[in-house]
Amino acid sequence: MRKALAKERSFADPAFRTLVYLCAGAVLAIVGLIVYELLIQSHLAISKFGFKFLVKQIWDPVNEDFGALPFVYGTLVSSLLALVIAVPLSVGTALFLTEICPRALRSTMSLLVELLAAIPSVIYGLWGIFVLAPFLRKYVQPFLGSYFGWTGLFTGPKYGIGMLAAGVILAIMILPIIASITREVVLAVPQQQREAALALGATKWEMLRMAVLRNARPGILGGVILGLGRALGETMAVTMVIGNRPEIAKSLFAPGYTLASVIANEFTEATSAMYLSSLVEMALILFVLTLIVNALAGLLVWSITRGMPARALA
Amino acid sequence: MPKPSNNISLRRRFTNSLALGSITIAAIIVTIPLFLILGTVVYNGVGELHWAFFTQIPKPVGEEGGGMANAIVGSLELLGFASLIGVPLGIGAGVYLAEYGRNMAGNIVRFTCDVLNGVPSIVIGMTAYALVVLTQKHFSAVAGSVALGIMMIPTIARTTEEVLLMVPQTIREAALGLGIPQWRTTLSVVVRTASAGIVTSIMLAFARVAGETAPLMFTAFGNMYWNVNPNQPIAALPLQIFNYAVMPYDQAHRQAWTGALVLITIILFTVILFRYLANRGVMKGAN
């Protein structure tokens with residue numbers, strides 16, 4: 001009996017361990033394959049255009065001359081615009097959930113935020129085309145144009161669809177991520193910090209500002225950067241509302257184009273090898289951008305929560 | 001003893017109310033888009049919500065009627081095959097991280113999981129295109145499933161790790177102390193104890209990829225006709241919604257809204273079920 005067990009152990013344990021190691025290895029292999037395929041498939045474009053690909057403004061499939069600058073610009077500007085809108089709202093939401101919200105309302109509120117994160121990108125896009133864009137055109141753009149037109153950011157024809165619409169849609173989409181990470185980080189701030197601040201006579205807001213937000217700052221920044229990572233790679237919703245024109249315009253009313261959208265729109269129509277290869281290089285740029293951004297965010301969040309699992313609220 | 005509030009200046013009290021008020025307003029603003037989106041999807045979607053929507057395939061462009069039966073079946077098939085890839089690999093990687101991964105190698109796998117989680121879905125679609133479509137020389141349901149399956153792995157792996165780590169160490173020790181080999185301990189004791197949590201993690205991953213469109217555009221590609229052959233291009237609900245939304249026809253737009261209503265119902269139902277199970281304690285502490 002004991003011998004049989006020992007025998008089983010000597011065979012089965014290593015076998016099981018190998019199986020599990022293979023699964024973990026598969027994760028490494030998949031990421032390796034992604035990098036490998038992107039490099040191989042974009043080789044043609046990289047060797048022809050070199051570094052200039054990043055700074056050229058030309059997008060000419062007929063003469064096979066390609067540059068990524070308008071797309072990089074569109075990706076960065078739409079994502080930053082999203083952050084400008086989303087950060088104050090989501091940090092506010094997180095503080096409300098952890099510090100102000102009555103206990104009975106808490107789980108309902110966080111469920112609502114969670115549901116917002118679950119809505120598929122294509123439905124955001126659908127809503128963006130038929131509800132948000134007309135709303136922006138009719139009410140928001142005339143207002144911004146007449147009061148803030150002097151900044152140069154809000155001029156030109158008011159289509160509704162364009163950089164502004166993309167920024168607003170992206171902001172709604174990244175709100176839940178930033179809010180949930182901020183909530184986690186704020187919860188990780190020791191309760192004694194709050195009590196100490198209150199005991200010193202601070203008002204609730206002074207307590208939040210000095211004891212909570214100051215301690216949680218790196219983690220909140222991490223959440224913001226993670227939201228940025230999500231916004232950079234977002235495809236469908238942006239493709240549907242940004243207008244898809246590869247131009248660099250100062251006005252946020254003007255249509256733009258992003259790295260992800262141009263891949264989605266043109267990949268199946270790319271007729272020449274150089275065209276295809278240039279699109280893959282766009283994906284490579286996008287991959288590198290999100291990799292840097294996510295690694296930075298991970299580091300910052302980890303520095304606050306120290307790898308603690310997310311604490312359940314309620 | 002005087003009340004503390006007597007010592008607080010008017011300016012500080014004003015700032016306090018202003019700040020707390022702004023925080024509350026921010027939270028209210030955040031919930032508005034959810035209701036707006038759900039409201040418009042239901043309002044615009046119920047119009048075409050007939051039995052035919054679930055039983056017929058799309059009519060030629062511009063004609064009234066027709067449905068998305070092929071897209072609904074296609075989505076289910078894509079998700080089924082994707083689970084065949086994502087679930088075993090995800091659980092396996094999660095078991096590795098929890099049981100063997102408390103070291104440097106484990107940290108590398110953990111980091112790689114997070115990287116994979118952050119890779120834009122369109123880039124994963126492109127990789128599946130290069131791996132499957134280029135070798136097969138045509139679009140197929142298999143290629144789409146590979147893309148979705150890859151996207152499921154990091155979610156399942158990290159959540160599985162979390163629920164396995166919540167199983168008390170003493171249970172492992174007790175099993176090992178009884179002379180049960182390690183693999184049996186892991187499978188029949190640890191994984192079994194955490195099985196409810198693992199199931200919920202699968203549901204979460206499922207909800208996450210069910211609405212994905214970008215990775216299917218040049219893998220599954222879409223199809224206006226019936227197809228269940230995994231080797232052929234197949235329709236998917238999110239793809240169909242996108243294709244109809246960008247068409248210039250009213251009828252197509254109405255169908256897109258109804259498709260959105262069906263898709264959002266499936267996904268929100270899964271998420272709420274997940275949440276309910278999580279609150280029941282199977283995932284206490286894991287998010």
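Trainee: In what order do the elements of chain A run from the N terminus on?

Mentor: The model is a predicted one. The secondary structure of chain A comes to 11 helices and two strands. Read from the N terminus on, the elements of chain A follow the order α-α-β-β-α-α-α-α-α-α-α-α-α.

Trainee: Into which domains is chain A divided, and what distance separates their centres?

Mentor: Chain A is divided into domain 1, residues 2–41, and domain 2, residues 45–305. Along its principal axes, the C-alpha trace of chain A spans about 75 × 65 × 35 Å. Taken over C-alpha atoms, the centres of domain 1 and domain 2 of chain A are separated by 37 Å.

Trainee: What percentage of the residues of chain A count as buried?

Mentor: A residue counts as buried if 20 or more other C-beta atoms lie within 10 Å of its own. Chain A has 314 residues, and the share of them that count as buried is 48%.

Trainee: Which helix of chain A gives the largest share of the side that touches chain B?

Mentor: The contact takes 76 residues from chain A and 75 residues from chain B. By class, the chain A side has 53 nonpolar, 15 polar and eight charged residues. The largest share of that side, 21 residues, comes from helix H1 (residues 2–41) of chain A.

Trainee: Is B:Arg275 buried or exposed?

Mentor: B:Arg275 is placed in helix H11 (residues 250–282) of chain B. Leaving aside residues up to four places away in sequence, B:Arg275 touches A:Leu111 and A:Glu114. Because 20 other C-beta atoms lie within 10 Å, B:Arg275 is buried.

Trainee: What separation is there between the C-alpha atoms of B:Arg275 and B:Leu204?

Mentor: Along the chain, B:Arg275 and B:Leu204 are 71 residues apart. The separation of their C-alpha atoms is 9.4 Å.

Methods
Residues numbered from 1 in each chain as written. Chains lettered and ligands numbered in written order. Predicted model: local features only at pLDDT ≥ 70, side-chain atom pairs only at ≥ 80, totals over all residues. Contact = placed C-beta atoms within 7 Å. Helix = DSSP H or I, 4+ residues; strand = E, 2+ residues; numbered from the N terminus. Nonpolar A, V, L, I, M, F, W, Y, C, P; charged D, E, K, R; others polar. Buried ≥ 20, exposed ≤ 12 C-beta atoms within 10 Å, placed from the backbone. Domains from an automatic or database assignment.
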